[in-house]
Amino acid sequence: MSSAVEATQKAMAPQSQSVGTLKIENTEKRDALISWEKQSQQTWSSTHIFEQNAPSLQEIPFHSIAPAEIRKKYPKFMCTMAYPYVNGTCHVGHSFTASKLEFAVGWARMKGYRALYPQGFHCTGMPIKACADKLIREIEQFGQEFERCPLNAVAEDGSNGTPAKETNGAPPPPAPAQGVPREDVTKHTAKKSKAAAKTNVHLKYQFQILLALGIPIQEIHRFADPQYWLEYFPPLWQRDLTNLGCRVDWRRSMVTTDANPYYDSFVRWQMTRLKEMGKIRFGKRYTVYSPKDGQACMDHDRQTGEGIGVQEYTALKLKVLEWAEGAKSKVEGKIPSGGEVYFVPATLRPETMYGQNCCFVGPHLTYGIYEIEKGKQYFFLSDRAARNMAFQSIFPSWGVYPKVAELQGSDVVGTLVNAPLSVHKNGVRILPMDSVKASKGTGVVTSVPSDSPDDYATCLDLAKKADFYKIKREWVQIDDILPIIETPTYGNLTAKYLVETMKINSPKDAKQLAEAKDLAYKEGYYKGKMVYGDFKGKSVEDAKPLVRQELIDAGDAFNYAEPDGEVVSRSGDICVAGHLDQWFMNYGTPERSGDNDWQPAVLEHVLGAGEDGKGLKTFSTEVKNAFEQVLFWLAQWACARSYGLGTKLPWDEAQLVESLSDSTIYMAYYTFAHLLHKDIFGKERGPANIGPEELTNEVWDWLFCRTEEMPSSTTISHETLHRMRREFEYWYPLDQRCSGKDLIQNHLTFFLYVHIAMFPPEYWPKAIRVNGHLMLNGEKMSKSTGNFMTLADCVAKFGADATRIALADAGDGIEDANFEETVANANILRLYELRQWCESVIFDVRELKAAEIFSDIKDKEKHKTNDSIQRTGEKIIWDELFENEMNGLVKETHEQYELTNYKAAVKSGFYDFLSARDFYREATKAAGVGMHHGLVKRYVELQALMITVIAPHWSEYIWREVLKKPDTVQNALFPSVPEQKPELTAARDYVRNTSSSITSAEGAQLKKMQKGKQTSYDPKQEKRLSIFCAEKYPAWQDSIIELVRSNFHDMKLDLAAISKSLPKAESKRGMPFVQQLKRSLETGIDSSTVLERKLAFDEVKVLREMVPGLKQTVLRCKEVVVVAIDEGGKTGTVVAGSEGVKVGEKKQDLPSVAENAVPGQATFFFENV
């Protein structure tokens, strides 16, 4: 074994990689939970409970009723997520999206639906092939087990696989168009672990990356065959999702590419039909392109820059009339006599070119002069722009951009050039602008101070400091600005107006200038009217393309494009915008695509403006808005490439279908994949017993309801075809698609486009649920910092259910979520102890007989837990409060599951459910009565059902092992409970609030004593607690009650109207009282009860029940007295109390706090005895 291999293995060892994650010491409880989880998973697998089928042809003969009626009679739910790319194993981020799908399917099962979760594996594209090719080279270089790889080859100071950079304007020569790349790496190339940094090890080679995935060195050479990746990783994904407890129907799995001939046939059919419909077209178009790989670089081919598209410009040709002195010597002899040099600025606003007053360069940037036509035409621009143009047929030879001279921007300041269309017919000067960037456009910027705030601010600065910039002031030509566009808001000198009103004082006010630029562009484009030029009177929107074409026709401009940000391919190449002949999906607005129907139909579906008024459910306005934005900017998408893995394009087999184009409607394939093949590669025929060659385009059409005429030439039996179509017609439309938010800009929008093109409206997608990215422990997941975890590691560390709860608790919206290991760890203990408690209160129950008292049995008999001593018979107030709270939490949990708010469902269905139980335990223990056996058993059953969706293994144990139910909890329905009673809810809140106020007050007195402050009593000594309750409201509230009565309608109280009507003198004490009434009215308490000023519960009765608990809770409490006060609060009558208190006794001279008591809000007083 080489030292490089040993160093890599040491750096990637588990103890080194876990530096950013939680350490767990004691694992007995976790191991006990995991042991049952494994048993449950084996049972579920052996009983095939997740294998769901459409109603059979025997149950319902084919087309005897409409498919929609079958779905109505037998409700179903089909949910999918984007199938994973299998060049590695599943990490916690992947599983976060999977959890949303998993929870949705679990919830559908609990509603009695047939719920389907299928899972395929994506292998299309270049990453796997690129990695395999790289491994071939490494084996040739270092040996089969890389034994010849020296340590210094992976040292930190070696090549780190960063993107190919230009050297003096000359990057590595490009591959032929659509050629094979010379070198391929994965997106992890430049990553190294914290531990690796300590040992100076770089993950530079592919064999190191595979070692980091835990693959033995002896097996790595097998990955030189791309097909081995397809065999190796899918089983690991299946293992990890199964270990998480996912409800997957694994019969329906497949791999993509021609590795599965059935799926390959499906994709070929799809592409053929799309081309026939005109949705796939051929032609020259701009696309992000990797010169190194020789092909288009689409989102899934990128190391960085996913989602970045191409920005098209108008490139102007500003002919040099006279060189500046500093440039003459540098161009002398390099430009032949008669050769013309053009400065080439790129603009998005050709309609403003009439007002060019000068042209800017970055004084500190390096530029080149490039030969466009030998001896005749040369362009002055940045190296980056020249490289882009080399792949747009602007230079004579593809990928070649010969540089004849190199200059600094400062060299050319003062050069006189001719600016096409400019009113300055004698030419304009090249001037310095510090904010010019070589990474944007051509590095040359033409100035139009009438409409560009940046240009106006820079020109003012140059004119003011001409000597400092070593220019002549008259070169700026700023004194007489030409108005070009009239706008309703900013007049005809938009830039001047914005710079002055926004108080922009310098070109360095970058933030304000960016804002001003945005305002100027939007106002000018959408509302502006031309006031100068050949198209005077036209709107800017209409004039822009006309001016642009005029410039191009005159030979004064040409089309130029570049990526709208840096894109690095997986081969480490900085990409360009190439102008290529290619097959492309004709996405885009009618104006951009020429297709008047496609994008509008997708947009209508997204916005819910279809005939049924429903459209696509997106669960949030932000997601709907994001889809709408993408549908307006997304344009044609290259759908074929020459390198990688995939399905061959049916009409051009030298090309492969691109990875985001073969993955748009595969969810339909899931519906009967299990009938086609028994394994993911389609090697063994499925129950349908048909070969892939029998699946002709006409058969696919019929199976997917594109035609009602069964192909007459098919060799497949009618019964088999009926069975397959039944599966599609039943499971489709797709009920929900789950995905990360980053796929809105590509896959999810393509998914909508192609569904709408290929299927009848009845089968269009119903919902898309988008989630944010997942952080780990509050920080971005990163292998380089050690803050990273695979799903396998996570489940091994915490168990399946604790992991699932933490995934649910991480968050639900489109914003980024956070997986907290402390949450998972805490839930190990919570689940284990709750399981033990459930066992004890069910298995060890000691039911009290008629004459027995809880406190006596507790003292006389020994039990593992006194919670096992339980009452039967009639329920008391504590039972009623607990049962009512459980009913409310069941309703709340139902609502949250329905809304896919899993974090909230865990709160109400688990955390709050536990809190309700704890309150009940403590209250009945303090009252000396114990819990009611029927309610304890009801709690255990409800608790299992509340978290079956999230923690099914734990629920299965309680269901089968504790409650001894005959069937799996996976088939249990969510419970139906009575409506919560508002009066009991009010009583429960009263108990909690009153108890909390009393204990908080005592705690405050203890803190005062500790600080040496004086207190009204000594809380550490024996004391009496007096509680004062009122039976009537104060008379001053009568008028407020009437105001509330007249302003309460439809369960809403008009606070604004009450506030206006309330006398100012009464406002201070009146509005808090109004708020109290509002809460009661709007939580469902009958309005007559509230407005007649009757409590929804018997306050004295509740206080009487609270006495034993308060006496036990309050430190050294000798006596508790409950006094009902008389009018005025000075006197009252004892209505309840602890042992020895005389009920009915009159009390005089009550403390002043008694006066503040009102019905439903008791006051209290401590005194030492």
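Which residues line the largest cavity? The points below take this up, after the basis of the model.

1. Basis. This is a predicted model, where local features need pLDDT of at least 70, side-chain atom pairs count only at pLDDT 80 or more, and totals for chains, interfaces and linings use all residues. Residues are numbered from 1 along each chain as its sequence is written, and side-chain values use heavy atoms, leaving out hydrogens and water.

2. Largest cavity. The lining consists of L33, W36, E37, D801, L831, R835, H953, W954 and Y957. Lining residues have an atom within 4 Å of a cavity point; on a 1 Å grid over the protein atoms alone, a cavity is a set of points where a 1.4 Å probe fits but cannot get out. Helix 3 (28–47), helix 27 (821–843) and helix 32 (952–962) each give two or more residues to this lining. Helices here are DSSP runs (H or I, at least four residues), numbered from the N terminus.

3. Cavity count. The structure holds four cavities of 30 Å³ or more. A volume is the space filled by probe spheres set on the points, which are joined across faces, edges and corners.

4. Cysteines. There are zero disulfides, a disulfide being a pair of cysteine sulfur atoms within 2.5 Å. C358 is buried, at 0% relative accessibility (buried means under 20% relative accessible area, with a 1.4 Å probe and protein chains only).

Key. On a 1 Å grid over the protein atoms alone, a cavity is a set of points where a 1.4 Å probe fits but cannot get out, and a pocket is an open set with protein on both sides within 12 Å along at least five of seven lines; lining residues have an atom within 4 Å of a point. Buried means under 20% relative accessible area, exposed over 50%, partly exposed in between (1.4 Å probe, protein chains only).
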